[in-house]
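Please open the model in your viewer and keep the selection tool at hand.

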Amino acid sequence: MSVDGNLGKALRFWEQGREYEDAGRLVLASRSYTRGLGSFLSYVKLARTPELAPAYYAFGSLGRETARLLIEASPRDAVRNARMALAASHLADPSGGQLPRIEGAVRDDRHPPLYQLTLGSRGPELTPETRIAGAADARDLLASLLGSDATWHGARNLWPIGSGPRLGPGPVGYWKEKQRFMQATMPSCAGFDSSGERDRLTAEAAAIHAELHRLAVGFKAGKDPKRGAE
């Protein structure tokens, strides 16, 4: 299969998962979502296009949706998927999670907005505000799952997003990359315990939403619904 073929597979699995979820077949829904996430990962790992933000944003949206589906049935799997969503959403964020860069990302009109990857045809334009808000929502989601339970692993010995070498093609590279995403943490949280990571993520999300509210008139920066916007 071509590299680009992974995008079609990801969207088909996502759509199939929603159909299963609507029918109350939650185990099958989670399996389809998981396969969709794997297809997104294969694409962003192997693609050579310079603009991967739409794929990363869709990857993060599906990850957040999957995590929310699994919260009650499998909290630990929900955390793993929330970490995948955090990594993908952060990599789609044009500000890189840096508050001083949000204003430039929102107001920079030198590049046209991107098209979103959707479950149907091409959808509404993917603006910087949407990508930044998605990264904030990913922080909120993971923070809500960490809680204060001492059994949760904190951000110690996890993967600071973006660190390390680029992994090449092949099954070994794919599984190592998947492990990275499932153990991802924000670089700002590296070395923290669960409560420290939760508090930092919550604070960062609140600051990002506040900055978006200040800069982007008319943009409603807030948490995604159970099924996040693609």
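The stops below begin with the whole chain.

This is a predicted model, in which local features need pLDDT of at least 70 and side-chain atom pairs count only at pLDDT 80 or more, while totals for chains, interfaces and linings use all residues. Residues are numbered from 1 along each chain as its sequence is written, and side-chain values use heavy atoms, with hydrogens and water left out.

Colour the chain by secondary structure: it has eight helices and four strands (DSSP runs, H or I of at least four residues for helices and E of at least two for strands, numbered from the N terminus). From the N terminus on, the elements run α-α-α-α-α-β-β-α-β-α-β-α. Of the 230 residues, 51% are buried, meaning under 20% relative accessible area with a 1.4 Å probe, protein chains only.

Next, select helix 3 (residues 53-70) and helix 4 (residues 75-92), whose axes come within 7 Å and cross at roughly 160°; the axes are lines fitted to C-alpha atoms over the stretch in contact, with angles from 0 to 180 degrees between N-to-C directions. Helix 3 is therefore roughly antiparallel to helix 4, the term for angles over 145 degrees.

Show side chains where the two helices meet (contact means heavy atoms within 4.5 Å): among them are Tyr56, Gly60 and Leu70 in helix 3, and Pro75, Asn81 and Met84 in helix 4.

Finally, select Glu211 in helix 8 (residues 194-215), which is buried, with a relative accessible area of 16%. Leaving aside neighbours within four places in sequence, Glu211 is in contact with Leu99 and Ile102.

Key:
Parallel < 35°, antiparallel > 145°, perpendicular 65-115°, else oblique. Buried < 20%, exposed > 50% of the residue type's maximum accessible area, 1.4 Å probe, protein only.
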